[in-house]
Amino acid sequence: MSLLQGAHQETSQAARARAALLAWPEFNKPAVWLVAAILLIMPFIASGFFLIEIFATTLILGTIALSLMFLAGYGGMVSLMQLTIAGFAAYMVAVFGMSANTNISLGWPWWLATPMALVLATIFGTLGGALAVRTEGIYTIMITLAIGAAFYYFTNQNWPIFGGHTGINTIATPKFWGVDWRSDIPYYYVTLGVAAFCYFAVQYVSRAPFGLALQGVRDNPRRMAALGFNVNAHRVAAYAFASFIAALGGVLQVWNYRQISPGSVSVGACIDILIIAVVGGITRPIGPFIGAFIFVILRTFALDLLVKFGLDGNRFRLLIGLGFLAIVFWSSDGVIGLWERWRRRATATDKRPGGGHGHG
Amino acid sequence: MSGWRPRNTAAPPKSCDPELTRREKILTIKCGVCGAIRMVRKREPKRPRRLGGRYGDGRAATVTGFIERHPAWALILLIAIAVMLWLILAVWPPGLEEAIGRKRVFLNAVFNGITLGSLYFLVASGFTLIFGLMRNVNLAHGSLYLFGGYVGYAISVWTGSWVLGFIIAFIAVALVGVVLQIVVFRRMEGEDLRQTMVTIGLSIVFADLMLWVFGGDFYQIQTPNWLVGPIELPLVTAVRSSGEAVYLRYPLVRLVIFVAAVVIGIAMWLALNRTRVGMMVRAGVDDRDMLAATGVPIQLVFVVVFALGAGLAGIAGVVGGTFQSISPGEDTRFLLASLVVVIVGGMGSIPGAALGAVIIGLAEQLGSVYIPTYAIVVTFLIMVLVLALRPQGLLARR
């Protein structure tokens, strides 16, 4: 399949390149290239505040929400513990790496602590998933929410490992090759790279045999079982994959804020991830990033905006909640769905002037 | 004879087996060849009843059935109950006191656990009732609890009456429930996931509205004078060297609330098992469509159940505000509690909610006394254990 494999004929290589392009429809659209180019040259347009507070945060939250999108969109399992897994990874970076809380942190170098955190968080998420798949559908939300909430209260209570309600502060970030990877521009590229990697990984897995089988499991588990697929194994594997993505997001997040406390893994924050994914749309991997962008913009500017309209600036969460309710009420597939419907209607009216309406 | 088939069922009636107790039932069967119909007596073996139903009843038959089917578990349970009773009733030998501390501490933890369990039961029973009938995982249930607490506080400050606070909180929160059911959930019936998402959105909106109105302060509802102070219980905590027994002193208000929760639980059980509306609710839990087809105004039943469930959360809010406090964040705490209680006890089952509430309340209190930094893990482990052994919950039918 890959281009590197057998390139002895010029023509077959071109054909393969074309096939690869067809397999990744993103590469055919000019809009996608435009967005990619803008994201790449962003450090030269945006100031440090925008770069980190808006774009890097969007990419991090988008990555965590992407893991939920993968589970919900392709696996039909709405898991509210994705942020908990990310938070677990963040805590593990803090516990194994270096921080101001020397009685807790083990002081490992980052290249040892980070993989350790990723592995442990993936295991944690997989175990949680194995628990959640014992029941189905609507119960998944309840169990994953219970896991998330239990983890929050646990981190609050536990001092020896998780540092109680003050958490762990001043966590060391990687510095190598003469670059401080937490300074604005390198950090932005790190988040962009990780987010892009996760995005394409989800895109790839969704078309790989495993992803197709998972979508089959989502649509008709009994039939898939009858066809000889191990339904539960597919679901648990999906949790493992999503946990890894969430863990990557968590590591980025802890490098961003350099501290982790129970507030970062609170139930509200878990629900924020669901809101991001649902507002963006859980049918496509790009949805969570759009949702994260809207969420971050709202969170950052809602205060000023509300004050400007003469309202109480602290009502940001009310705005988020109402927006979320509106999306759930009127568009089950989020902003992407709204946009697609709007475009379909536009093309439909183009083809049939006189105002024919689609069956939407 | 092989041409004869029962009219509604695929398999022919089974042959006689004299060893089993039998119930007789008239069955029409239809000839597969000529279509003639004739009546026969169908004999079916009497199955042992399973323990509890969704709203199941704890008749003696279910207990003996349980013992018959799981003798080992029954023995373990029996021993556990006996040990617990001994720990509560007996005067502890000095060796035991050295090992796990004073008996007074233990007894207080047990009583706190049971009274906390009664609070959890009030919250979770509404949650499980709504879930059982409407398949609606109401994640805004914690918000209803908190709202009830605030209303109860406002009323009790305004009128100075604690009891009035209960009544108004029940009515106010039940009305919120009615509005929610009519305006929101009726529009998306059968769409479980969408309903759940909507309840999440609502919980965010409610939490922020309440933060707006009541601020981030802690409120505590004043306990009425006639309930203030401890009461001496006939349970010996220790024996003084003079041979004089020391009895347990425990806050009266907590005991009253525990008794009230038991009364409410029994009333709910009676309402569900002995009244016509309760019959409709139980039928709706089993098969909603069939109930609607028989002409029952099912939307009305939904509204009544939602109002009752929400109202119970409101009452629980007043209770929680009396023996703990109400503040933003309590909504999540009690949502988590009802989730865990319902997962442990069995979703949609009222006796399950009662059992789960007591287990979780005890685990939380005993945990916070004996292993403070890992108390929440005990609660969580119980949930994991139940999910691993009996994913549908302890007392659920499915």
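1. Confidence within chain B. In this predicted model, the mean pLDDT of the elements of chain B is lowest for strand S1(B), residues 4-6, at 51, and highest for helix H5(B), residues 141-159, at 90. For chain B as a whole the mean pLDDT is 78, with 82% of its residues reaching 70 or more.

2. Stretches to read with care. Two parts of chain B deserve a separate remark. Over residues 8-24 of chain B the pLDDT is below 50, and this stretch has 20 contacts in the model beyond near neighbours in sequence. Over residues 45-60 of chain B the pLDDT is likewise below 50, and here the model has 43 contacts beyond near neighbours in sequence.

3. Confidence in the complex. The predictor assigns the complex an ipTM of 0.76, together with a pTM of 0.77.

4. The contact between the chains. Chain A contributes 33 residues to the contact and chain B contributes 30. On the side of chain B that touches chain A, the elements giving two or more residues are helix H7(B), residues 192-214, helix H12(B), residues 330-345, and helix H14(B), residues 375-389. Of these, H7(B) gives the most, with 13 residues. By class, the side of chain B that touches chain A is made up of 21 nonpolar, 5 polar and 4 charged residues.

5. Geometry of H7(B). The helix that gives the most residues to the side of chain B touching chain A has 23 residues, and from its first C-alpha to its last H7(B) reaches 32 Å, which is close to the 33 Å expected at 1.5 Å a residue. After H7(B) comes Gly215(B), whose phi is positive, near 75 degrees.

6. H3(A) against H12(A). Within chain A, helix H3(A), residues 48-75, packs with helix H12(A), residues 286-308, at an angle of about 135 degrees, their axes being 7 Å apart. The angle therefore makes H3(A) oblique to H12(A), and the crossing of the two is right-handed. From H3(A) the contact takes residues including Glu53(A), Ile54(A), Leu61(A), Gly62(A), Ala65(A) and Met69(A), and from H12(A) residues including Gly287(A), Pro288(A), Phe289(A), Phe293(A), Val296(A) and Thr300(A). The residues of this contact of H3(A) with H12(A) comprise 11 nonpolar, 6 polar and 1 charged.

7. H12(A) against H13(A). H12(A) also packs with helix H13(A), residues 316-330, at an angle of about 125 degrees and with the axes 9 Å apart; H12(A) and H13(A) are therefore oblique to each other. H12(A) passes H13(A) in a crossing that is right-handed. Here Leu298(A), Arg299(A), Ala302(A) and Leu303(A) of H12(A) meet Phe316(A), Leu319(A) and Ile320(A) of H13(A), a contact of H12(A) with H13(A) whose residues divide into 6 nonpolar, no polar and 1 charged.

8. H8(A) against H10(A). A further pair in chain A consists of helix H8(A), residues 209-219, and helix H10(A), residues 231-257, which pack at an angle of about 115 degrees with their axes 10 Å apart. The crossing of H8(A) and H10(A) is left-handed. Phe210(A), Ala213(A), Leu214(A) and Val217(A) in H8(A) are in contact with Val231(A), His234(A), Arg235(A), Ala237(A) and Ala238(A) in H10(A), and by class the contact of H8(A) with H10(A) holds 7 nonpolar, 1 polar and 1 charged residues.

Note on methods. Residues numbered from 1 in each chain as written. Chains lettered and ligands numbered in written order. Predicted model: local features only at pLDDT ≥ 70, side-chain atom pairs only at ≥ 80, totals over all residues. Contact = placed C-beta atoms within 7 Å. Helix = DSSP H or I, 4+ residues; strand = E, 2+ residues; numbered from the N terminus. Nonpolar A, V, L, I, M, F, W, Y, C, P; charged D, E, K, R; others polar. Expected span 1.5 Å × (residues − 1). pLDDT = per-residue confidence, 0-100. Axes fitted to C-alpha atoms, helices over the stretch in contact; angles between N-to-C directions. Parallel < 35°, antiparallel > 145°, perpendicular 65-115°, else oblique. Left-handed = near helix turned anticlockwise from the far one by under 90°.
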